[in-house]
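Colleague: I would like to go through this model with you, from single sites up to the whole chain. Please give the cut-offs as we go.

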Amino acid sequence: MGAKKTIDTSDILYGQPGAKFVQLLLESSLINHPQLEKVVRIQKKLGNKKVLSRILIELGLITEDEKRRLLRNHAQDFLIGELVCELGFIDLKALLLAEKELGKSPGVRMGELLIKLNFINDRQLAQALSEQLGKPLAHIDIDMIDKNITGQFSKKFLKQNLVIPYEENKAHVLVLTSDPLNKKAIQEIEMQLEKSATIFIAAESTMVSLIEKLTLSQQESESNEGQHISEIVDSLFLAAIRDSASDIHLEPLADLMRVRFRMDGVLIHKMDIPLNASKRVVTRLKILGEMDISDTRTHQDGRISHTVGDVEVDFRVSTYVTIYGENLVMRVLRRDGGLKSIEQIHMDRGILERFKHDALDVPTGVIIITGPTGSGKTTTLYSAVDYLNRPTTKIITLEDPVEYVIDGIMQCSVDESAGRSFSKSLKSVVRQDPDIIVLGEIRDTNSASVAVQAALTGHKVLTTFHTEDSIGGLLRLIDMGVETFLISSTVVSILAQRLIRTICPDCRQPYMPNKRIAHLIGFDDETLRNHTFYRGTGCGTCYGTGYHGRTALHELLVLNEAVRSAIIAQEPSHVVRKISCESTDLLSLMENGLYKVLEGETTIEEVYRIAPRAVSSRSVADIIRIMGDDNER
């Protein structure tokens, strides 16, 4: 009987993406032959855009839990690319592209290639290797490492091989590594310590951070004259880049200087610097930022351009005088990889298509991207500029400061000392014969008026604004004194956004969310009963938060005649929102958050924490339809 099953399925599954997993399902009797034939037909009809297991889940033939359990038991049977796809880290299109690129890159591992292509991150690769090799993920901090063991190996050896022997007993040494297949390095440790190695896996960025901490700890103990201050500063820079921190905080306390990184919007304690070194570290950073080191009683600002490894980075530096000394904060602005394409800003498909076709492709008018500080407005603005950047188009910008350099466009950075003030530069922009004008931010009535007047004369204007949501952007323009008839005739669209944390992949588990909060963001009881929800339980990868990485929530308002009439009539915000929802399919930030929860990207509690409160009468099915996903669910 078993042989017959193999014969019957070989023709059906031959060449179908994801066939290996489906064969396991058949052998485990989780699906039958008619179900198999159905999903294969659907996959072929979709043009092989979805892996078979995803179709099975969407049809309700298997659950996420059944898939995870089967993968965990048979992960060693999969190639790493197949496993990463089945784990949901990449889609089928990405896998097929990576397999094609792998054929052109002899000697390159699939995992390395997927990271190079920005399809996965190092933590996702670590989890996949853990599943495939049956080696556990370990989450350790610097305090858990036995320095007597690591001291027997050179820092060069640890850095080159990204390996740390961190604990031992009579017979075994525990080894943490991001490359469990590096047998040469592991054998070197076993030979030197004369013990058998027990392997644990960690992400590459975690390994680099730990090794840098070990180096920093050694420097602090050896330095009594400050000769290693520059190494300490370089270690801070490198750790911030490796951890993808957005800000570095050096905070003076009574007995030490605390160093915290802002990661995924949350401050994480990274290390402490002794008092005898802290002032010299701050002085070094002020020198790099061309600030006055003799003045410790005045708040100052500066900018550092630095190469960290092979990455060029700008650090926007600010000092603030406190009772214990100067508090120093550095915003990290990477020049490589910072510019994202319009497809990479985590905008859901339905919103993205409308943003491109109903906003960016419109020949003239004002497009506003709005949200509070740190909501990703600048990233979205630059991705829109990159989308519009063509050889036949003249784009000119006025920014304070220029954060990402884009080839082919004319970018200007405000510099008061050089006579390039924002107000003076505004007058010159429109004389440069641009097709598209990019204003880093609408600051006041003057800049708002320039944006509107430029749109009236046939230009396309892109800019950012600080308001809570899309409707708030319209009202803020009115409050600035811009005439309602000008707003209605020039503003094409307003895109509001927020950054929201995503569930940590290393500790992701199903759970039952709080029903009251779920109802508040729009979930009904039927959806709560029939859908599996996830959260992170907290681990070393996410520093116990349950979240790792961020995605974006978007609210796109495209003005139509009904909305323009409401603006001219100066209707209150709730009326404008109601009209927008009914006539333009406006989805609120909270509704977009609900959709992200259904996709398993974030939690109900995180959406409730981040998204502005909005009353919605839409059903979950309506939200899915508007998001452009009605054909896939």
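Colleague: Which residues is Val-607 in contact with, leaving aside its neighbours within four places in sequence?
Modeller: This is a predicted model, in which local features need pLDDT of at least 70 and side-chain atom pairs count only at pLDDT 80 or more, while totals for chains, interfaces and linings use all residues. Residues are numbered from 1 along each chain as its sequence is written, and side-chain values use heavy atoms, with hydrogens and water left out. Contact means heavy atoms within 4.5 Å. On that basis the partners of Val-607 are Ile-500, Ile-521, Met-590, Gly-593, Leu-594, Val-597 and Thr-602.

Colleague: Is Val-607 buried or exposed?
Modeller: Val-607 lies in helix 27, residues 604-610; helices (H or I, at least four residues) and strands (E, at least two) are DSSP runs, numbered from the N terminus. Buried means under 20% relative accessible area, exposed over 50%, and partly exposed in between, with a 1.4 Å probe and protein chains only. Because its relative accessible area is 0%, Val-607 is buried.

Colleague: Where is Thr-484, and which residues is it in contact with beyond four places in sequence?
Modeller: Thr-484 belongs to helix 21, residues 484-490. Its relative accessibility is 10%, so Thr-484 counts as buried. Leaving aside neighbours within four places in sequence, its contacts are Ile-478, Ile-567, Ile-568 and Gln-570.

Colleague: Is Val-405 buried or exposed?
Modeller: Val-405 is found in the loop between strand 11 (395-399) and strand 12 (410-413). With a relative accessible area of 67%, Val-405 is therefore exposed.

Colleague: Which residues of helix 14 are buried?
Modeller: Helix 14 covers residues 229-242 and reaches 20 Å from its first C-alpha to its last, close to the 20 Å expected at 1.5 Å a residue; the expected span is 1.5 Å times one less than the number of residues. The helix is mostly covered, with ten of its 14 residues buried. Those are Ile-229, Ile-232, Val-233, Ser-235, Leu-236, Phe-237, Leu-238, Ala-239, Ala-240 and Ile-241.

Colleague: What is phi of His-346?
Modeller: Most residues other than glycine have a negative phi. His-346 lies in the loop between strand 9 (325-334) and helix 16, and at 42% relative accessibility it counts as partly exposed. Its phi is positive, near 65 degrees.

Colleague: What phi does Asp-264 have?
Modeller: Asp-264 sits in the loop between strand 5 (256-263) and strand 6 (266-274). Its relative accessibility is 21%, so Asp-264 counts as partly exposed. Although Asp-264 is not a glycine, its phi is positive, at about 55 degrees.

Colleague: Why is the chain described as being as compact as a globular protein of that length?
Modeller: The chain has 28 helices and 18 strands. The globule rule, 2.2 Å times the number of residues to the power 0.38, is compared with a radius of gyration taken over C-alpha atoms. For 633 residues the rule gives 26 Å, so the chain is as compact as a globular protein of that length, its radius of gyration being close to that at 27 Å.

Colleague: What percentage of the contacts with a separation of 6 or more comes from residues 24 or more positions apart?
Modeller: Buried residues make up 51% of the 633 residues in the chain. Among contacts with a separation of 6 or more, the share from residues 24 or more positions apart is 64%.
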